[in-house]
Amino acid sequence: MFRDVFDCESYSLVNKSLTYGSREAHTLGRRKKDVAQSFGVRSEWDGTPPLKVFQFLRKFAKACDDNDVSEAEAFFMLQDFTKEPLRSEVMSVMPSRHGGNPGEVNSYLELINWMLRYHADEASLAAQVEEFNRATQTPGESERTFAERLRQLNVLCGFIHPQGVIKGRFVEGVHRAARVTVRERNTPSMTLAELARIAQTKGDEYRWIVSDQRREREKEARIAEA
């Protein structure tokens, strides 16, 4: 079911060169700066939440591809886009000077595979995805709060759901008073935040009507008792 996200080849780079000599080592610092510009300043990952590994690896691979970084260069670069405690864990599996230590990885794809297996498993991902797929707006929860909860659930799912899927879950899970309206108004270019604002307006209208009707019933009940 989740074969692609757990396949290290899904995060392979366009430049598959395995050459890493003195020339590549000499220019690695400059290359890291170029990748950092694409990756995002202060976007290093510490290993939590674990299922964020998918987003992290996709983002790192794209930043490398944007700068024509080879897999040989990326192998020695990835640890610099992590922070503690993950950085120490990554460094512990990098090749030692003498080599041959148990658990050592020797290539970019081996390192990616280690990252995937270390942080995620299909059972935990499946459980989070099931929670996302069953999410509905709860009593007392506003439409905007529900949209934010879906975003957070997608974080716990490792960001595997694109915007369209999140919006689809919102449309199906929002209160019935707003569901028809958001289903009609939803367009591919509309963001989840925009859709949530429309739903919030419709929900507020519904709650105001319900509240007004309750006040009328209470008023009629008091008159009848008088």
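Predicted model: local features only at pLDDT ≥ 70, side-chain atom pairs only at ≥ 80, totals over all residues.
How many aromatic pairs does a search of the whole structure find? The search finds ten. Two aromatic rings (Phe, Tyr, or the six-membered ring of Trp) count as a pair if their centres lie within 6.5 Å; planes under 30 degrees apart make the pair stacked, over 60 edge-to-face, and the rest tilted.

Residues are numbered from 1 along each chain as its sequence is written, and side-chain values use heavy atoms, with hydrogens and water left out.

Let us start with the whole chain. It has eleven helices and zero strands; helices (H or I, at least four residues) and strands (E, at least two) are DSSP runs numbered from the N terminus. The radius of gyration is 25 Å, well over the 17 Å that the globule rule gives for 226 residues, so the chain is more spread out than a compact globule. This radius is taken over C-alpha atoms, and the rule is 2.2 Å times the number of residues to the power 0.38. Along the principal axes, the C-alpha atoms fill a box of roughly 95 × 35 × 30 Å. Of the 226 residues, 39% are buried, where buried means under 20% relative accessible area, exposed over 50%, and partly exposed in between (1.4 Å probe, protein chains only).

Now back to the rings. Phe39, Trp45, Phe56, Phe60 and Phe81 form one aromatic cluster. Within the search result of ten pairs, Trp45 and Phe56 make a tilted pair, with 5.4 Å centre to centre and 35° between the planes. Trp45 lies in the loop between α2 (22–39) and α3 (53–66), while Phe56 lies in helix α3, so their pair ties together parts that are eleven residues apart in sequence. The ring centres of Phe56 and Phe60 are 6.5 Å apart with planes at 10°, so this pair is stacked. Both Phe56 and Phe60 belong to helix α3, four residues apart, about one turn of the helix.

Phe56 counts as buried because its relative accessibility is 3%, and Phe60 counts as buried because its value is 0%.
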